[in-house]
Amino acid sequence: MTSMRQFISDIKSNTPLHPILLDEPVSIDALPTPALTIDLNVLDSNLKKMQNHIDDHGMTLRCHTKMHKSPIIAKKQLAHGAVGVCCATVSEAEIMLLGEIENILITSPVVTEDKILRVMSMAKQSDDIAIVVDHIKGAQALNKYADADDINLKVYIDLDPGMGRTGIRPGEDALVLGQYILESCPRLNFQGLQMYAGNCMHINGFEKRQSKYQYILQKGLETKKLFESKGIPVPVLTGGGTGTYDMEPDIGFITELQAGSYAFMDIEYRDIGGQEKEHFDDFKTSLFVLTTAISQPQSTLITFDAGIKCLATDTAYPEFKDVEGVVYHFGGDEHGIVQLNNPSRTINLGDRLSLITPHCDPTVNLYDYYYPYRNGLVEEIWPISARGKSQ
Ligand SMILES: Cc1ncc(COP(=O)(O)O)c(C=O)c1O
């Protein structure tokens, strides 16, 4: 028998956090499949490219870790120059903190006692835990528990970009919340505004995406000016993502970019289109599902050992990295049936091929481990420490 609190604490303490070093390097051709692999050369280059862009435009990067769920990768992003990380859930944040990542913003509000107590427990361990609020009730509750624990908690006001998901309406409503925090919540330190327009990130076509994004962020800009006109400084404007990273400098609202997917990339992002190009390929694919051809019941089809249990998707289908003239169809939980239209290479039983994932975030959440490789060799295995940590 155990208490709920003990159960949650045990989950945390049993979470693997560190790389597992292999006694000798293993070729990716010898990995058990399906395997979630990372091309480290590409990952490094994506991290560097984003950080250079951020530095060149006087912004900061607070990368979103909801995508990779790994303190090991977060450390790499911080080493490249990110100022901190974002987490989507309290349990992701707990894992990042356990993995020695200290500057964390939880980008979704919490309102219940159980979650607030967990936030307070993190804030006791680190001065750099922050969370968004989008309602007076949430602010009241956070302030009450912070006061009880003698904590000063950093908060950002989350603005609804029109999605109706989280956030308060920009403008007067946000101002009322801001004034309430400043006047009635002495334990909450107002840091700035968050506006994450998730409704823009995957709009197809650069111009279309940019024009809707500009329109939406205008409301954020007006809110910032409104705060300032009432004497409330707004030091940080946090938000944005991979799909808008190159629009932020012209719009001039976001000071701190929350991009996540740029590190791995996926088909859904590739297909949104780039500036004057069909594909958005400013960042290259570093994440793949390695899969093996295991059966060929019909000559024009061949079946791989990767189905919907290892390739999450909302809209797109997986595609092979280096093979043209084939079409992947989901063949159930464990299988992908590949149609051999006019394959650019022969595919035989036992062959291992890499698939580009349709949507990296939920795909990562299906695996326990990454197999990172450089030049075809895996030297260590990385636990996906925050996988399944949705609470
Ligand atoms: C609040 C928030 N910020 C940033 C991001 C990162 O977006 P992307 O992976 O598109 O870079 C997300 C992703 O869903 C998010 O929810």
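Tutor: Eight strands close into a barrel in the order β3-β4-β5-β6-β7-β8-β9-β10, with parallel pairing. Helix α8 (residues 206-229) packs on the sheet, touching β8 and β9 (236-239), and its direction makes about 150° with that of β8. The model is predicted: local features need pLDDT of at least 70, side-chain atom pairs count only at pLDDT 80 or more, and totals for chains, interfaces and linings use all residues. Residues are numbered from 1 along each chain as its sequence is written.

Student: What makes a run of residues a strand or a helix?

Tutor: Both are DSSP runs, numbered from the N terminus: helices are H or I with at least four residues, and strands are E with at least two.

Student: How do you know that β6 and β7 pair?

Tutor: Two strands pair if DSSP finds at least two bridges between them. Strand β6 (residues 129-133) and β7 have four bridges, in the parallel sense, so they meet the definition. V132 stands opposite Y156 in β7. The chain crosses from β6 through helix α6 (residues 136-148) to β7 in a right-handed β-α-β crossover.

Student: Which strands does β8 pair with, and through how many bridges?

Tutor: Six bridges join β7 to β8 (residues 188-195), and the two run parallel. In β8, N189 is the bridge partner of K154, and Q194 is that of D158. Four bridges join β8 to β9, again parallel. Q194 has T238 as its bridge partner in β9.

Student: Why is β7 called mostly covered?

Tutor: Five of the six residues of β7 (residues 153-158) are buried. A residue is buried if 20 or more other C-beta atoms, placed from the backbone, lie within 10 Å of its own, exposed if 12 or fewer, and partly exposed in between.

Student: What makes V83 partly exposed?

Tutor: V83 has 16 other C-beta atoms within 10 Å, so it falls in the partly exposed class. V83 lies in the loop between α3 (71-80) and β4 (84-87).

Student: Why are α5 and α6 called oblique?

Tutor: The axes of helix α5 (residues 113-125) and α6 come within 10 Å and cross at roughly 50°. Axes are lines fitted to C-alpha atoms, for helices over the stretch in contact, and angles run from 0 to 180 degrees between N-to-C directions. Angles under 35 degrees count as roughly parallel, over 145 as roughly antiparallel, 65 to 115 as roughly perpendicular and the rest as oblique. Therefore α5 and α6 are oblique to each other.

Key: Right-handed = clockwise from strand over helix to strand, strands pointing away. Contact = placed C-beta atoms within 7 Å.
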